[in-house]
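The exercises below are meant to be worked through with the sequence and the 3D structure at hand. Try each task before reading its solution.

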Amino acid sequence: HRVDRRQRQMCIRDSNVDNGQFAQKEDTFRRWCESMQIGKSTAYKLLQVSTMFDKSTPREQKVLEELSPSLLYATAKPSAPAELVQAVKDGDITTHKQYQDTLAEIRKRDAKIQELLEMSEASDRRADEAQAWAKKVQHEAELDRKEREDAHAAALRYKAEADRRAQDQNRCLLYTSDAADD
């Protein structure tokens, strides 16, 4: 069941019939599919395969012509990873099973990369939170230091005032005792 070049060309020629805008065109496309004895999804797959052929070099087209329809359909999907499509076009992947196995590896790798990115983002958030906490603690420590300095300065002022009053009182006592002696 090789994809017939004539069918691909007919799909391209008639692909503008189904642009999804008008019911009449939809009906025309559906009738065309019925006349070709293919389902609408198969027609779309053939269109995707044809697009892939059009975007390939002549050497890549020769490689693609030798592949099974299932591998062609899988490779032509818009969701197919570009590196996997290129491996098929280069002839590195020649069976649908190889394609599926490689796709599973790519998905596993991408999932691991995503997991690592999420872990990195979570680590960055924790680091930012720790830095914010450290700044807050540093600010609070600075406020505590300032409060201690202010309290120490106030204590020194109160002590100086108390010393001054004590001296004044001693002077008064001395003055009073000197006056009493006279």
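A residue is called buried under 20% relative accessible area, exposed over 50% and partly exposed in between, with a 1.4 Å probe and protein chains only. Helices (H or I, at least four residues) and strands (E, at least two) are DSSP runs, numbered from the N terminus. The model is predicted, so local features need pLDDT of at least 70 and side-chain atom pairs count only at pLDDT 80 or more, while totals for chains, interfaces and linings use all residues. Residues are numbered from 1 along each chain as its sequence is written, and side-chain values use heavy atoms, with hydrogens and water left out.

**Exercise 1.** Find out how many residues of helix α5 are buried, and which they are.

Solution. Helix α5 spans residues 69-76 and is mostly covered, since seven of its eight residues are buried. Going along the helix, these are Pro69, Leu71, Leu72, Tyr73, Ala74, Thr75 and Ala76.

**Exercise 2.** Describe the aromatic pairs found in the whole structure.

Solution. Rings of Phe, Tyr and Trp (its six-membered ring) pair if their centres lie within 6.5 Å, and planes under 30 degrees apart count as stacked, over 60 as edge-to-face and the rest as tilted. The search of the whole structure gives two pairs. One of them joins phenylalanine 29 and tryptophan 32, with 6.0 Å from centre to centre and 25° between the planes, and is stacked. Both residues lie in helix α2 (residues 23-36), three residues apart, which is about one turn of the helix. Phenylalanine 29 is buried because its relative accessibility is 2%, and tryptophan 32 is buried as well, at 12%.

The next step turns to phenylalanine 29 and tyrosine 44, whose ring centres are 5.5 Å apart and whose planes stand at 45°, so this pair is tilted. Because phenylalanine 29 lies in helix α2 and tyrosine 44 in helix α3, the pair ties together parts that are 15 residues apart in sequence. Tyrosine 44 is partly exposed, at 33% relative accessibility. Taken together, Phe29, Trp32 and Tyr44 form one aromatic cluster.

**Exercise 3.** Is serine 56 buried or exposed, and which residues does serine 56 touch?

Solution. Serine 56 is placed in the loop between α3 (40-54) and α4 (58-65). Its relative accessible area is 9%, so serine 56 is buried. Contact means heavy atoms within 4.5 Å. Leaving aside residues up to four places away in sequence, serine 56 touches Gln61, Leu64 and Lys89.
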